[in-house]
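Good morning, everyone. Please take a look at the sequence and the structure on the screen, and then I will walk you through them.

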Amino acid sequence: MRWFDAAANEAVKPDKPGPWVAVVESKAPNGTVARRSMTFYVRPPMFLLFLFPATNLTFSIPPFPSPIVEAVWREHQSEIDRDAHDLLFRAFNDSEAGARLLAGLGGAPALGRPPKTFETAAARVEEMHLSAKRKLHGLPAEGKTLKPPQAISPPAPALHEGTAAEAGVAPELVDKLRALCREWAEDSKQPFTTLVARRGVVVLHEAFGRRPDGRPAALDDRNEVFSITKTATAILFSRFLESGLVRLDDPISTVLPDYPKDDPHVPTFRQCFTHTAGLAGHGDFGGMRNVFLDNVVLNGLDAVFPGDTYAYSGMGFDLSASAMELITGKASARLYHDELCEPFGLGDVPFDGAAAGGHFTAFELGVLAQWLANGGAYGDRRHVSPEVFASMLPEPVLKRWPKAGYNDDEGIGMHWLRIPKPGAPANSKKPEDLLFGPRMVGHGSLSQCMLMADLDSGLIITQSRSTGGPKFAEWSAKFYKTIAEGLRDGVK
């Protein structure tokens, strides 16, 4: 066991009050080094939380469906509440969760406002663990910096107000879409926010329906977008490609020091992003929020066979996030804020994982979609070159990995989204069978959020919602058809 204080200074033992990271090192059965880390908090003298008066905290567990008769539960309510209170304090004082909270709060500056996602106690602790990890690997305290977005003139389209003629849509499209979305929200009883734009001109950006508490849906409503998070992570990763800090076909061992060189069990970054890395799971072992996730995967490396199969998985995205953390020296919350949200002008987007767990508004999704439609630029800034952007586009999986057995295309965090016309074959790739162009890219979502960008016509479509609700397929088909019928100038 090795001990590191909040500044990543190593010590023989935790000999002063405050937060500490303990890294336990051993050997896995397959000979790989095993590293796991934990958070401890050394209490300052006389700091004993369990001596706080019981009146400072009220915690009650009401009756719930169980084998216990409700009348019995209510008769023993005071006893139950007393035990619940005691259990809560014991959990706070005797668990790692309690230690992580104290460690993250200790030394945190007063902000005069609620903390942003990269300023939370959890984020601060993850930064401590990452600093300890870099120290273990002999890396400098400061990580590498990314190439800043380049100024371009004339600017690429950015989301803005404009006329139907400027957008290349029928003047009546807005009213048709608004009426359809109102009916959709009323019928499904599911609120959502929609953004439709073309050439950067916003055609519709409105919220529809009511939230479960009865309040109207709002433009700033955030929803978990599930696997659309993969696209956001891929866009973030593209900045590392642009900066020359990593290459798609590099094995992850070029960044993650524990991984062996020239080993067929080690996947490349391209395989991590295209579900051909031989990995499984979404957010397992803590996902990217576990700073030592890469070591967990390493300990099972002999069971990994990159390129042999296609298995839809988020683990490759989490591993890639671990690599980005190690390169920059920024833990995930800070990494996504500094290198994705800030340069793109997004809000405080929470990311619980690299493959799922992003919480976006429809407008923020629209910014990402517009970046895709522009081929890696937004407004007066180009984030990646056309060459880097082209390397991310979907291509046949069998082209690179014939053994994978997946007869379709896969890109770096994106797919071709080919929406068939009514009556056309469901899987047709023929342009005449499609509502939109054959180069519509984006990603699906478990919650049926939308992220779509047509690389040829400049059309983007996003939706932020918590669930698809009843008859989603029926309503979304009407939605797409209405948009397609409203496009003008013959570009589809």
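**Helices, sheets and pockets**

Start with two helices: α4 and α10 are roughly perpendicular to each other. Their axes come within 10 Å and cross at roughly 75°. α10 covers residues 315-328.

A word on the source. This is a predicted model, where local features need pLDDT of at least 70, side-chain atom pairs count only at pLDDT 80 or more, and totals for chains, interfaces and linings use all residues. Residues are numbered from 1 along each chain as its sequence is written, and side-chain values use heavy atoms, with hydrogens and water left out.

Now some terms. Helices (H or I, at least four residues) and strands (E, at least two) are DSSP runs, numbered from the N terminus. Axes are lines fitted to C-alpha atoms, for helices over the stretch in contact, and angles run from 0 to 180 degrees between N-to-C directions. Angles of 65 to 115 degrees count as roughly perpendicular, under 35 as roughly parallel, over 145 as roughly antiparallel, and the rest as oblique.

Which residues make the contact of α4 with α10? From α4 we have L130, K133 and R134. From α10 we have E325, L326 and I327. Contact here means heavy atoms within 4.5 Å. By class, that is three nonpolar, no polar and three charged residues. The classes are simple: Ala, Val, Leu, Ile, Met, Phe, Trp, Tyr, Cys and Pro are nonpolar; Asp, Glu, Lys and Arg are charged; the others, Gly among them, are polar.

α4 has another partner. The axes of α3, residues 96-105, and α4 come within 8 Å and cross at roughly 90°. These two helices are therefore roughly perpendicular as well. On the α3 side, the contact includes R100 and L101. On the α4 side, V125 and M128 are among the residues involved. The residues of this contact divide into seven nonpolar, two polar and three charged.

Next, a sheet. Four strands form an open sheet in the order β2-β1-β3-β4, with antiparallel pairing. Two strands pair if DSSP finds at least two bridges between them. The edge strands are β2 (10-11) and β4 (33-42), and each pairs on one side only.

Look inside that sheet. β1, residues 2-5, runs antiparallel to β3, residues 18-27, and four bridges join them. D5 stands opposite W20. W3 has A22 as its bridge partner. β3 and β4 pair over ten bridges, again antiparallel. There, G18 stands opposite V42.

Now a second sheet. This open sheet has six strands, in the order β7-β6-β17-β16-β15-β14, with antiparallel pairing. β7 (201-208) and β14 stand at the edges, each with a single partner strand, so one side of each is left without a neighbour in the sheet. β16 and β17, residues 459-465, pair over four antiparallel bridges. M450 stands opposite Q463 in β17. α15 packs on this sheet, touching β6 (192-198), β16 and β17. The direction of α15 makes about 150° with that of β17.

Last topic: pockets. On a 1 Å grid over the protein atoms alone, a pocket is an open set of points where a 1.4 Å probe fits, with protein on both sides within 12 Å along at least five of seven lines; a cavity is a set from which the probe cannot get out, and lining residues have an atom within 4 Å of a point. Grid points are joined across faces, edges and corners, and a volume is the space filled by probe spheres set on the points.

How much space lies in the largest pocket? About 590 Å³. It is lined by 24 residues, and H415, W416, L417, R418 and G444 lie nearest its centre. β16 gives the most to this lining, with three residues. The lining divides into twelve nonpolar, seven polar and five charged residues.

The second largest pocket has a volume of about 440 Å³. It has 23 lining residues, with E127, S131, A141, E142 and G329 closest to its centre. Which helix gives the most to this lining? α4 does, residues 121-136, with seven residues. By class, the lining has nine nonpolar, six polar and eight charged residues.
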